[in-house]
Amino acid sequence: MAKLLPDQSFYPSPKMAMQAAPEKLAYVALLNQNAGNSDAMAVVDLDPGSKTYGKPIYQLDMPNAGDELHHFGWNACSSSFAHAGHDTDGLQRRYLLLPGLRSSNIHVYDTHPDPRQPTLTKTITAAELAEKAGYSRPHTLHCGPDGIFVSCLGGGNGADGPGGIALLDHDTFDVLRAWETDRGDQYLAYDAWWHLNQNTLITSEWGTPSMIEDGVNPELLLGQKYGHRLHFWDLAAGKLQQTVDLGAQHQMALELRPSHDPNATWGFVGVVVSTEDLSASVWRWSRENGSWRADKVITIPAP
C-alpha cells in the first residue's frame with residue numbers, strides 16, 4: 001500500500017481518505033466586486049487547537065485585475081495514479097492552479113515550503129491556452145492520469161466556441177494540447193469528471209462566453225439555447241462515444257458528481273432550471289447493457 005502513497009494526501013479509496021487526519025488549512029477564492037481591483041485567495045486556519053481557528057491567516061492578491069476566480073484545485077490527486085505504469089515518483093499535492101474565468105489566465109501557486117503562505121510560481125497566459133489548446137475561459141480542473149484536465153467554456157483566438165478540455169503537463173504546467181481527438185457534435189462545455197476504471201469521461205453543458213458574459217440571457221433561456229446534454233467519452237482516446245439529451249427544457253446541466261466507488265457506473269448532475277415550470281432538478285446517469293442513460297431523481301420546485 002505504501003507505493004500508492006508517495007504523498008500523504010493520496011488515498012486509494014474514499015474510505016481511506018475519510019479515515020485520515022483532517023486538513024488543517026483551507027484555500028478559499030475571494031472575488032473582488034470593485035472594478036480594477038484584483039481577486040485574491042485566502043488561507044483559512046482549520047486547526048481546532050489553534051488560536052486563529054476558523055479565521056483567515058493569509059491573503060494572496062492575484063497579479064492582475066479581472067480574473068474572476070471560480071473553481072480551482074491541485075496539480076495532483078489520487079486520480080493521477082489511475083493507470084498502471086504511471087510514473088508517480090516525486091509527485092506531490094503541492095501546487096494550486098487558479099483559473100480566471102474571465103481573464104483566461106491560470107495562476108499556479110506553490111504551497112511549499114510554507115503551506116500557510118503560498119507563492120506564485122507561474123502564470124499560464126490566455127495567449128498560451130488559445131495557441132496550444134484552442135480554448136479560453138478555463139472553468140474547472142481535475143488532476144488526471146495523463147495530465148491536468150482543464151474544462152474551458154470558450155474557443156481560442158476570438159472564437160466563441162466550441163468549448164472543451166485543455167490538457168496541461170503535471171510537472172511543468174505547460175499547455176500540451178486540446179484533449180479531444182473527436183468531439184462529434186459537442187459544442188457547449190462546462191464541467192468534466194470521470195469513471196476511471198471504466199475508461200469514461202463525462203462532460204456537461206452551460207454556454208459559450210457570449211451566452212454567459214452578462215448573466216443569463218432571457219431570450220436564450222426561453223429559446224432553450226443553453227446546454228442540456230451529457231457527453232460520454234473514451235477517456236484514453238479523447239473520442240465522444242455517446243450523448244444523452246436531458247430535454248431542451250432542462251436548461252444548464254452543470255455540476256457533475258460521479259460515485260466515489262471506482263467500480264461504479266453512476267453519478268449525478270444538477271440542472272439549473274426547467275423552462276416549463278421553473279423547477280431545478282438533479283439527474284442520475286447510469287450505464288445499462290453498455291449504454292448510458294440519465295433519469296431525473298430530484299425535483300426542486302420553483303419558490
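In strand E13, Leu 201 is the bridge partner of Trp 194. Strands here are DSSP runs of E with at least two residues, helices are runs of H or I with at least four, and both are numbered from the N terminus. The model is predicted, so local features need pLDDT of at least 70 and side-chain atom pairs count only at pLDDT 80 or more, while totals for chains, interfaces and linings use all residues. Residues are numbered from 1 along each chain as its sequence is written, and side-chain values use heavy atoms, with hydrogens and water left out.

E12 pairs with strand E13 (residues 200-203) in the antiparallel sense over four bridges; pairing requires that DSSP finds at least two bridges between two strands. Both belong to an open, antiparallel sheet of four strands in the order E12-E13-E14-E15. Its edges are strand E12 (192-195) and strand E15 (239-245), each of which pairs on one side only.

Trp 194 also belongs to an aromatic cluster, together with Phe 149, Trp 179 and Trp 233. Rings of Phe, Tyr and Trp (its six-membered ring) pair if their centres lie within 6.5 Å; planes under 30 degrees apart count as stacked, over 60 as edge-to-face and the rest as tilted. The structure holds eight aromatic pairs. One of them is the edge-to-face pair of Tyr 190 and Trp 206, with 5.7 Å centre to centre and 85° between the planes. Tyr 190 lies in the loop between strand E11 (175-178) and E12, and Trp 206 in the loop between E13 and helix H3 (209-212), 16 residues apart. Tyr 190 counts as buried because its relative accessibility is 4%, and Trp 206 is likewise buried at 19%; buried means under 20% relative accessible area, exposed over 50% and partly exposed in between (1.4 Å probe, protein chains only).

A salt bridge is a side-chain nitrogen of Lys or Arg within 4 Å of a carboxyl oxygen of Asp or Glu, and the count comes to 14. In the salt bridge between Glu 213 and Arg 102, the closest N and O atoms are 2.2 Å apart. Glu 213 lies in the loop between H3 and helix H4 (218-222), and Arg 102 in the loop between strand E5 (95-99) and strand E6 (106-110), so the pair ties together parts that are 111 residues apart in sequence. Glu 213 is partly exposed at 26%, as is Arg 102 at 38%.
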